[in-house]
Amino acid sequence: MIVYWWTLSGCEIRPKEPPVKPNVAAGQDLKASLSSMNEVQRRRSQQLKNSLAKILVVDKQGMCLELGKHPCIDQVHRVFLGSMDAYNASQYQNPSSASIGSVGALERVVLSACIMRAGMDLLNPSQGVIFKNIKTSIDGRLVEDPAIDESIKTLYRRAFTREPTSSEITHLRNMYEEIYKTEPIAAGRNWMVLSCFSVLTSLEMAFF
Amino acid sequence: MILLATGTEGLGRPFGPELFCRAYPDSPSCKGTQLSCAYCHQVVPPELNPFGASIKSEYTQANEVFDNNEQVFRDVTRNLLSQDSDSDGFSNQLEIEQGTLPGFKASVPQSNRCQSNATSGENEYYKLCQYDSDYAYKKIWNVVCGEPPSWDEFTSFKKLAPDSKLVALKQQLEKCLETEHWIGKDGVVWEIGHYKIRPVGSVKSGEDESVIGLVDYYDDYNIFVYSQIAGHDARDVLLADYGVKREKQSDRTIYTRLTPVRLDDGIVMQPEYRAGLLTSFWTLGFYLNYTAVARVLVAQAFNGFLGISLATLQGLGTVDPAESHFEDYDDKGVTKPQCAECHRTIDPMTYPFRNYNGLTGSTQVLAGKNAEGLKDIKRLGDQSNLTPLSYSKTRMEYLASKYPKIEQMPEEGYVLGQKVANLREWASVVANSDQFAAQTVKDYWKVLMGHEPLAYEQEEFERAWKNLKTVHQYNINGMLAELIMTEAFGVP
């Protein structure tokens, strides 16, 4: 477990000591044997919409809107997200494989929903669905607090009905360092959005 | 299926699938479905694939004529069983037994990987290669409810005893089957209906009306979904004489069966002549349209409800033309030898649609001709009037000016090898067929498992569609409760 010790230096909040890089391969501590069946299903558009709405408690129709009015999932990216368009494109079966725009569509929808969730949790931290009681500085940097680990745990529980592994917690914590280096201002908010984004665009979310 | 060139004239041999299945009735390729042309041909006949070419070669060597003789076929192909025509490493016999294509290298028998692989046991998340209730629970949520369970819901389930979990799985399924994701407009069941109805958004009228609002095919979806939910009879999709009303009550979609009263229930067809989606406004208007003989309509019905493609000559059982009264009633040349091979079977399937009118004569009807009954809209024309979308005995009379022989076309016909007196009998034969049951289960199998039944899943698949007909009496929910307990669904 990496422990941050935050200190005030001038007007900046920054880690006193650099975090220890985890050096843990993804999934190393999963302790999971591989399935012989390899039978997973793609989470298609409606399942994705319902899942994001339930996990993040965001409005199904409003979580992503093209030009502010056309639902991304139901209309704009419906086929890219694995569903058929029977009425307008005469597609009467779901596509059997992902297409070139599928990844981009998935990322767009998830990012939009995560921005919405992070914004709401920042506005009212005590009622936060994922990032509950997360503390940020006046210029938006993350303040070390047990609520960080709790948020990561909540995210994994709501998304995958399991606890995060220690390496998964470490990865998300370390991601803050990268975000902070790129843009210190509002790094806390960006970390919330991108933590949510990275977990909900993982293979574990895209398939079940 | 097999085409042997004779001179310069190509003669289709659509008896091939039937012949093969009489010779090898235990092949999964012959149970609850019709053998695909791809068994012996390249994607589109007549070009032969390696297995088809092997059969042709064996016939040539044996100096036999390829006809509908089952014993000759079995004798001739016996030599091929130990061979591997497509060089995929599996013998033709094994591929026949497993239901894969012996003429396509990419189609190979699949063994149950849990039996052929040492991986098994349990980890923190799954019980590998054994039925895992926790895995099945999450899968029911994701597939049927359309969302994952919450942390609390899942942890509560995990605490249950093994026997209690099995009960809880069925209870959860029942809850999910009531969700909007499953039964709502554009829900899972609704979407299964897409390839059966094949909507065209540009002509949609009524709800979600398009610029050119002509037909409201949502009526077809309402009947289809109703037949698939709440313990109703799935065969009603082809047998219903009633319409169904759909409405939203407190964010919940409710389907209500209507009393069959012509027009009052939104259906133009006389109730005593209705046959579910076969006689809907959309089907008759779009697939029968202005044509005299319902070939397109029948082809679509076979594709949508039996999973059989008439266009690729799949699954045609031959009928003696003398018995079926096969003639070229609409001057389309179907009695020419190269056409008759297929049409002598296809056309008798269309005869029961003889008096079912699509849009024929609608211009005259709208002008008040041939439609005295229309003066009183409640009568909307009886059988003696040429009314669109209705059963009309004068339809052939009207068409005779264009096709002189068409009045001789009988109403009795043949479908799936059985003689039928009218369309309602036709629909009954189709709805009670093995093919209908298997195709119905396959629709839901694909939703639940994410793929068509694999070779090693055939036993569970066959049991499911046979039980749909018997144990579940065509109750889809009962069939689904069986499917979630299969290895195909619950073994990670």
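**Close-up 1. The disulfide of B:Cys145 and B:Cys176 in the predicted model.** The two sulfur atoms are bonded, S to S 1.9 Å. The torsion about the S-S bond is -85°, a left-handed link. B:Cys145 sits in helix 6 (residues 133–145) of chain B, and B:Cys176 in helix 8 (residues 162–176) of chain B. These are distant parts of the chain, 31 residues apart. B:Cys145 has 8% relative accessibility, so it counts as buried. B:Cys176 is buried too, at 0%.

**Close-up 2. The disulfide of A:Cys114 and A:Cys196.** Here the sulfur atoms lie 2.0 Å apart. The S-S torsion is about -70°, so this disulfide is left-handed. A:Cys114 belongs to helix 4 (residues 102–123) of chain A and A:Cys196 to helix 7 (residues 187–200) of chain A, so the pair ties together parts 82 residues apart in sequence. A:Cys114 is buried at 0% relative accessibility. A:Cys196 is likewise buried, at 0%.

**Close-up 3. The disulfide of A:Cys64 and A:Cys72.** The S to S distance is 2.1 Å. With -70° about the S-S bond, the link is left-handed. Both A:Cys64 and A:Cys72 are buried. Counting bonded cysteines along the chain, the disulfides of chain A follow the pattern 1-2, 3-4. Over all chains, the count is 4 disulfides.

**Close-up 4. B:Cys339 and its closest cysteine sulfur, in B:Cys342.** The two sulfur atoms are 8.5 Å apart, too far for a bond. A disulfide needs them within 2.5 Å. B:Cys339 is partly exposed, with a relative accessible area of 26%.

Note on methods: Residues numbered from 1 in each chain as written. Chains lettered and ligands numbered in written order. Predicted model: local features only at pLDDT ≥ 70, side-chain atom pairs only at ≥ 80, totals over all residues. Heavy atoms only, no water. Buried < 20%, exposed > 50% of the residue type's maximum accessible area, 1.4 Å probe, protein only. Helix = DSSP H or I, 4+ residues; strand = E, 2+ residues; numbered from the N terminus.
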